[in-house]
Amino acid sequence: MIDPVEAHGGRYERQQGDGAFYSRHARIFVCCKARARDGARNDAEARAKEVAMLKGGCLCGKIRYEIKGAPIGTTACHCVDCRRASGAPFVGWMSVARDALRFVAGATRIYVSSVGVERGFCPECGTPLTYRSAAFADEIDIATGTLDEPGNAPPQEHTWTSQQLDWVRLADGLPRYPRSRI
Ligand SMILES: [Zn+2]
Ligand SMILES: [Zn+2]
């Protein structure tokens, strides 16, 4: 049997305990709704921002989506696969519950980029939109650059910084993980 760690350049994480392999961007962060409840933020304003944040679509507009419920978290992934799939130096992702995402127009085409990993993109304009890992079947990641209000979904950490480009200089003080967070 092929060892998945070896088969994919060691880019998989082995979770202690259950022996499963993971190759995702990040895991469990601060809940946006919980954060909104803390502090003295104006609730109505926060809700309006959240609603605006949780809609998005591709460049050509054929795919539109909505997300119900609070995001699980956000990350900026520097892995080679995200770089190639996007053509960008790194990619911002937001994890949500699988059933929280609904396409209201169009549908993604799926590319299986590695074992158990599905990347969804617009078949018309090529915009990368989603990421799913079989190891986290209940979740799906949305490329935050496709949100209507991406400024409201900043990354909470950087993952796979072991593959970060040398010329990317970041001084945001966020946690950095050489591989995935788990
Ligand atoms: Zn499109
Ligand atoms: Zn990645």
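1. Let's start with a term: two strands count as paired if DSSP finds at least two bridges between them. Strands themselves are DSSP runs of E, at least two residues long, numbered from the N terminus.

2. A word on what you're looking at: this is a predicted model, where local features need pLDDT of at least 70, side-chain atom pairs count only at pLDDT 80 or more, and totals for chains, interfaces and linings use all residues. Residues are numbered from 1 along each chain as its sequence is written, while chains are lettered from A and ligands numbered from 1 in the order in which they are written.

3. Now find the open sheet: its three strands come in the order β3-β4-β7, with antiparallel pairing. At its edges sit β3 (55–57) and β7 (101–105), each pairing on one side only. On average, neighbouring strands here are turned by 30° against each other, direction ignored (axes are lines fitted to C-alpha atoms, and angles run from 0 to 180 degrees between N-to-C directions).

4. Zoom in on β3 and β4 (residues 64–67): three bridges hold this antiparallel pair. Gly56, for one, has Tyr65 in β4 as its bridge partner.

5. Next, look at β8 (residues 109–114) and β9 (residues 117–121), antiparallel strands joined by five bridges. Arg109 is bridged to Phe121 of β9. The two strands make a hairpin with two residues between them, and Gly116 in the turn has a positive phi of about 80°.

6. β9 also pairs with β10 (residues 128–133), again antiparallel and over five bridges. Here Glu118 has Arg132 in β10 as its bridge partner. This hairpin has six residues between the strands, and Gly126 takes a positive phi near 85°.

Key: Helix = DSSP H or I, 4+ residues; strand = E, 2+ residues; numbered from the N terminus.
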